Structure formats: C-alpha cells, structure tokens
Amino acid sequence: MKHLLSIADLTAADLDQLMRLTDRFVEVSQRQIPKVPALRGKNVVWLFYEDSTRTRLSFEAAAKRLSADTMTFSVGSSSVKKGESLRDTVLTIEAMGVDGVVVRHASAGVPWQIARWLEDRVSVVNAGDGWHEHPTQALLDCYTIRDERGSLEGLRIGIVGDVKHSRVARSDVLAYTALGAEVTLVAPPTLLPPSLDGWPVRVSHDLDAVLPDLDVAYLLRMQRERMTEHLVPTLREYTDRYGLTLRRVEAMRDDALVMHPGPMNRGVEISAEVADLPRSVIVDQVRNGVAVRMAVLYLLLGAGVERVLEPEPDMDNALDLAVGGAAPEPEGASR
Amino acid sequence: MPTTVVKGGLVVDRAGERRADVVVDEDGRIAAVGEDLSADRTIDAAGCVVAPGFVDLHTHLRQPGQEEAETIETGARAAALGGYTCVLAMPNTIPAIDHAGIVREVLELGRKAICDVHASGAITVGRQGEQLAPLAEMAALGVRFFTDDGSGVADTRLMRRALEYAQGISVDGRGVILAQHCEDPALSAGGHMHEGEWSARLGIPGQPAEAEELMVMRDIALARLTGARVHFQHLSTARSVEMVRAAKAAGIPVTCEATTHHLTLTHAECASYDPVFKVNPPLRTEADVAAVRAGLADGTIDCIATDHAPHTQEAKESAFDQAPPGMLGLETALALVLTELDLPLADALALFSWRPAAVLGVDDEHGSVADGRPANLTVIDLEREWTVDPSALASRSRNTPYAGRTLRGKVRHTLLRGEPVVLDEEPQR
C-alpha cells in the first residue's frame with residue numbers, strides 16, 4: 001500500500017492487518033521508553049491546511065515514537081497566503097526530500113489531487129478532507145471497539161448527529177460495515193447527506209427508538225453554524241431530540257459504548273455526565289489513535305509488515321531491522 | 001483576394017446535401033455552387049463535408065481581464081479550428097461587458113481575429129443583478145444578445161423589467177434577445193457539483209437540479225407575462241428540457257442551448273476530484289444526459305453551444321471546491337457530437353450552424369452555402385480519428401475534460417468570408 005486516502009481502498013483483510021499491527025504498537029506505547037527506530041531517517045511532513053490540534057499531535061506522537069523526522073507546513077505563515085497553488089506547494093515540499101505527506105484540508109479530495117501530482121514517489125495519508133473522509137479516525141474507532149468487544153461482527157452501531165458534514169461518519173460507515181457491523185444513521189433529515197444511495201446503512205430520525213438496540217452510540221460534533229444554515233432551529237432543540245443525556249443512557253444496554261471523535265461540545269450532543277461515564281471510551285479513542293497512526297505510518301513507510309506480524313513475533317528485532325534492513329545499531333536511548 | 005474553389009466535397013446545409021464545388025469570389029462571397037467549377041486557387045475537400053461555418057452562442061474569451069487564460073485572438077483561433085466562423089463572447093469579463101466602452105474594445109479586438117466575434121452585453125450593471133445595464137447603448141453598437149452569464153438575474157422584478165424594456169430595442173430591424181444562466185442562487189449557494197449520490201459520497205457540497213429548474217420555470221412565466229423572447233443557456237437537467245418543450249408547445253417564445261459536456265459527461269466524473277470536471281451548471285446524472293440528448297433529437301433544444309470556459313492551469317490546480325467552474329469546448333465540440341451522439345449528420349450540423357445563426361439573428365451572414373452569401377464555410381473530414389491532447393490545443397488554456405479521448409471527425413479547413421483561416425488543420429494566422 002502506497003497511500004492511505006480512503007477506507008474504501010481497504011479490504012476487510014487490510015483492516016484486520018492494521019488492527020493487528022496496531023496491537024504491536026499499543027505494546028510499544030506502553031513501554032517505559034515508548035520509542036523504536038523503525039522509521040529512522042524517514043521524513044514526514046504535516047501539510048495541514050486546516051486547523052487541527054488533536055489529529056496533528058496524534059500523528060506527531062506516532063511519528064516520534066517511530067523515530068521519523070517530521071516537518072510542519074503551516075499554512076498561516078506560508079506562501080499559500082501569497083497565492084501559491086496547491087500543486088506548487090506540494091512539489092516544493094517534495095523537492096526538499098520527504099517520504100510521507102500527511103494532509104488535512106478543508107476541501108474534499110485534496111489528498112487525491114496530491115497523490116496524483118506526486119504519483120508514487122511519496123506516500124500520502126489523508127488526515128481529513130472536507131466533509132469526505134478521515135480514515136485514521138475510522139481505524140482508531142474500529143480498534144477501540146474491537147479492543148472493548150473483541151470484534152465488530154454483528155454489532156449495531158448508531159452514528160448520531162451531523163452526518164452530512166462529517167468526514168468521520170463517511171469513513172466510519174465504510175469501516176464498520178466492512179468489519180461486519182450494522183450501522184444506523186440517526187439525525188434530523190437536514191443533517192443527512194442529500195442522497196444515501198449505495199450506503200449500507202439504515203436511517204432513523206428518532207434517537208430514543210434506536211438507542212436500546214445499540215452496541216455503540218457514536219456521537220458527532222454539532223457545530224453552532226448549523227443554525228445559521230437553517231439546518232436546526234436551535235442547539236437546544238437539537239440537544240432535546242438528539243443529545244445523549246443521562247436519561248437517555250438509561251435506555252442503553254449495559255455493555256453499550258459511547259464514543260465521540262472529539263472535540264466534544266459538552267451539553268450539546270453529549271452531556272457532561274455521560275462523557276465521563278465508564279462506558280464512554282472517548283479517552284481510549286485518543287490513546288489508541290497514536291498507536292493506529294504508528295501502524296499506518298509504519299505500513300506505508302516501514303520495511304515490511306510481515307516482519308512485524310509474522311512469522312516470529314520478535315518485533316523488536318523486526319522494528320530495528322526495519323530501517324532498510326541494516327543491522328541494528330546500539331540505540332541506548334531509544335530502547 | 002484571388003477567387004477560390006472548395007473542390008470535391010459533399011455540401012450540406014439547410015437546403016440539403018449535394019456533391020458540389022463552391023466558388024468564392026474576390027469579395028469573399030459565394031459566387032457559385034455546382035459541379036466541376038474552377039477558380040484561381042483550389043482548396044481540396046475530396047471525401048469531406050462542406051458545411052456552413054458554425055456559430056457558438058456561448059464562448060468565454062476572457063478578454064479584457066483574464067488574458068492569461070484566453071484572449072480574443074487565441075479563442076478565435078480555437079474556434080476556427082473547431083469549425084466556427086462566429087462566436088458570441090460572454091460578458092463576464094473583468095470588467096464586465098455592460099456598457100458601450102467595453103463593447104467597443106471587444107469588437108475592435110474581434111475584428112483582427114480569425115473568427116467573427118459578436119459581443120453579448122450584461123443585463124445588469126457589473127452583472128450584479130441590481131440595476132439594469134444600458135441595453136440600448138450597447139445595441140446601438142450591434143449587441144443583440146444580453147445575459148448575466150456566470151449567474152442568473154435572481155431578482156424576478158428586475159428580470160421582468162429587462163424583458164419588457166428590451167422589447168423596445170432592435171438591431172438592424174430585429175429584436176434583441178435576453179438569455180439566462182438559470183440558477184437560483186439561494187438554492188445553489190455553496191454547491192460545487194450536482195447534488196446527489198456522488199456529491200453525498202464525495203463529500204463535495206452540491207447544488208440540486210432544482211436550482212436550475214426554478215429559474216427556467218420562472219423565466220418561462222416571465223416570457224409568457226411579457227411576451228418577450230427568452231433564450232435558456234446551457235440547459236442541463238431532464239426537467240429543464242421538459243419545461244422548455246412544454247413552453248414551446250404552448251407558443252411561448254423561448255429557445256435554448258445545450259453544451260457538449262452536458263451531452264457526454266456525468267457527475268460520476270467528479271470522483272477523480274479533478275477540477276477539470278467542475279463546471280456550472282454542473283455535470284448531472286445519466287438520466288439528465290439522456291434527456292438532453294432526447295431534447296436535441298426532437299428539436300426542443302435549438303443548438304449546441306460550447307460554454308468554452310478557459311482557465312489557467314494554476315486556477316484548476318487548486319482544491320475542487322476552490323477551483324473556478326468551466327471547461328474548454330471549441331476544439332472538441334463537433335468531434336464529440338459526431339463520435340458520441342447518434343444524430344443524422346444534417347441534424348448535427350444544423351445544431352452547430354444554421355439553428356444558432358437564426359437564434360442570434362446572424363443567418364444572413366452565417367449558416368448557409370448559397371450564392372451571394374459570405375463564404376463562411378467549414379470543411380470536415382468525418383473519418384479522421386484523433387486523440388485529444390491538451391497541449392496541442394490552440395486555446396491558451398488546457399482545461400479540457402476530454403484529454404486522451406479518441407474522437408472521430410475533424411475540421412480540415414475553415415473559410416471566413418472567403419479567407420482560408422484554417423487549412424489542413426493548421427490556423428493560417
């Protein structure tokens with residue numbers, strides 16, 4: 001695999017491999033010194049055209065634990081403000097010598113355009129493109145559910161809220177269904193995509209009717225500007241109909257999980273009390289996000305997944321060798 | 001000018017088909033159409049179709065203001081290579097063609113071009129949709145076609161007044177035409193492609209077909225109310241075509257055009273996220289494409305227009321939702337229709353030539369191969385196969401959505417008032 005652009009490009013087997021690879025990096029992350037030299041000498045650039053603290057920090061932590069070098073392209077202070085085209089920016093960055101580009105952009109499709117311009121010379125990771133996709137979020141969501149419940153097969157997952165504008169929802173629908181879960185989108189009609197032709201989902205406008213059946217209630221962030229677009233009358237009315245409150249949680253199964261991609265609007269789509277319940281695995285999602293992104297970076301830039309996963313689970317050796325197959329050097333601080 | 005004979009072709013125009021040579025006199029007029037004719041100079045048309053030059057009712061020449069994308073000179077060259085002898089420049093230049101001064105500039109530049117350039121004028125000042133532009137002042141310079149193209153006139157009352165006012169204006173004894181880019185801006189706001197299955201999946205904000213259809217519906221009502229003619233530009237949806245069909249049947253004075261891209265491409269193309277497929281109105285569904293084709297076949301649609309809309313590489317190398325809409329058309333339109341559509345040849349040529357000439361009111365200059373008419377001719381090799389190579393286009397821009405596509409049929413020669421401006425596929429100046 002050269003790029004990670006869309007969950008749609010991954011088979012169930014690919015997803016499973018990424019989950020197993022993530023297991024390994026969770027183990028690395030739990031070490032006293034959670035760092036391996038697997039991507040030493042690799043250069044990864046963060047091309048973030050849209051503000052993102054959480055995703056960028058998560059990728060940054062992942063890259064550092066793999067000993068990759070990182071550079072940040074910050075749009076605010078860059079030539080973009082001076083009118084440089086997206087393509088020129090990308091080719092300029094490539095010329096500096098990079099192995100991977102992690103892209104976040106407010107416009108759908110930008111990672112595809114970048115991958116096209118770079119051909120196969122540089123790996124491109126989609127870190128969120130407009131309303132379209134956010135594949136590493138879907139991977140960490142799947143990993144978190146798998147971690148809690150063993151598998152997604154047969155689980156009933158409700159994605160609640162602003163699906164229309166959500167890249168998380170688009171990636172999650174693809175990933176959850178690929179792993180055998182049943183997905184129900186729960187939202188007012190104004191917050192659903194204009195067409196659901198070809199989406200393997202059910203739809204409901206009634207959260208209370210759906211909640212008792214769910215294994216996972218996945219809440220999406222509700223943005224204030226949706227009111228000015230006439231999509232909901234008030235946030236108060238939205239919360240009244242779709243907010244996950246303590247009262248509503250009572251209707252959920254005992255083992256049902258509450259998830260959220262963050263950042264949360266406490267008191268809007270999720271009440272403060274619900275966010276802090278044991279069934280809310282929101283912090284676990286963030287924690288798993290680092291390991292998932294390690295797995296993604298390693299898969300795209302490392303020296304071979306098989307060496308880490310099979311046949312002998314001597315991962316330390318494999319991760320050391322992963323740098324161009326050279327003999328491991330003593331790396332006191334990193335071991 | 002030496003006399004010229006276009007020899008050995010099959011002449012096709014509104015009078016029908018006949019094997020004939022066409023002789024052009026010293027003044028660039030057709031002197032004779034018949035067998036075994038000769039003249040000072042011979043242009044070979046053996047095995048080719050000799051048709052009246054094409055008329056494009058929808059060309060963006062980008063001058064003044066965006067000369068890095070196209071100039072009147074380069075756009076006209078692209079037109080001549082595509083078989084056109086007359087193009088209608090859209091007024092969304094910078095500044096807009098909304099008063100006599102800009103009209104004069106465009107017409108002046110057009111006089112040096114290798115294709116007749118007519119200027120359309122804006123309906124409202126600066127195409128802002130707020131105040132009626134001086135239509136009569138522009139008509140006095142020969143402007144016979146008005147549109148705010150790029151956007152529609154959203155204010156219904158203003159559009160009504162424009163239609164009423166325009167009925168008091170004429171050019172050479174013929175009334176002027178108001179044309180509409182149909183798009184309800186409140187409903188289309190923020191939309192960068194057709195709203196539907198693909199926009200939902202791709203996460204690109206869409207604009208529904210109804211944004212176009214609402215204004216078609218409204219302007220049919222206004223044409224009925226005012227009795228004024230309305231020309232609908234680049235119709236793209238099945239229901240738009242159906243409404244125009246019904247309006248024509250009811251005797252309401254409307255005409256309309258369709259573009260080659262709305263006849264050959266669907267919204268599925270946007271899955272590549274390549275902004276070369278971004279256009280306004282957007283590429284629609286397969287059902288819409290089929291309905292627009294049916295509208296061509298049954299005569300509801302009066303002509304094929306290109307909506308030739310050059311944009312620089314830089315502009316098209318941005319994100320899909322940030323790139324400007326529009327695609328090239330002049331050099332590919334004929335070949336696409338010949339290759340992809342199943343129209344009888346004479347019907348196809350009618351849609352490119354004499355029917356748009358009649359809509360624009362230039363049918364005494366363009367659209368027929370007959371004695372005494374200016375020799376505005378195009379000679380087409382129907383069998384010629386070629387592959388669209390963006391870098392080989394005469395347009396200053398490269399934003400064709402058909403790169404790499406193999407087409408059948410190419411313009412071999414074009415004559416503008418007798419002057420061979422394209423010979424053997426090469427522009428002569």
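Guide: Two residues are in contact if their C-beta atoms, placed from the backbone, lie within 7 Å. By that rule, residues 24 or more positions apart account for 77% of the contacts in chain A with a separation of 6 or more. The model is predicted: local features need pLDDT of at least 70 and side-chain atom pairs count only at pLDDT 80 or more, while totals for chains, interfaces and linings use all residues. Residues are numbered from 1 along each chain as its sequence is written, and chains are lettered from A and ligands numbered from 1 in the order in which they are written.

Chain A has 14 helices and nine strands (DSSP runs numbered from the N terminus: helices are H or I with at least four residues, strands E with at least two). Of its 335 residues, 47% are buried (20 or more other C-beta atoms within 10 Å of the residue's own; exposed is 12 or fewer, partly exposed in between; C-beta atoms are placed from the backbone).

Helix 5 of chain A is mostly covered, with twelve of its 15 residues buried. The buried residues are P135(A), T136(A), Q137(A), A138(A), L139(A), L140(A), D141(A), C142(A), Y143(A), T144(A), I145(A) and R146(A). They pack against helix 1 (12-29), helix 6 and helix 12 of chain A, and also against strand 4 (123-129), strand 8 (216-219) and strand 9 (257-259). Just after helix 5, G150(A) takes a positive phi of about 85°.

In the largest nonpolar core, of 234 residues, A217(A), L297(A), V22(B), V50(B) and C115(B) touch the most other members (a core joins buried Ala, Val, Leu, Ile, Met, Phe, Trp, Tyr and Cys through C-beta atoms within 7 Å). Helix 12 of chain A, residues 282-301, supplies the largest share of this core, eleven residues. Among the residues that L297(A) touches are L39(A), V44(A) and G100(A).

Conventions. Lists of a residue's contacts leave out its neighbours within four places in sequence.
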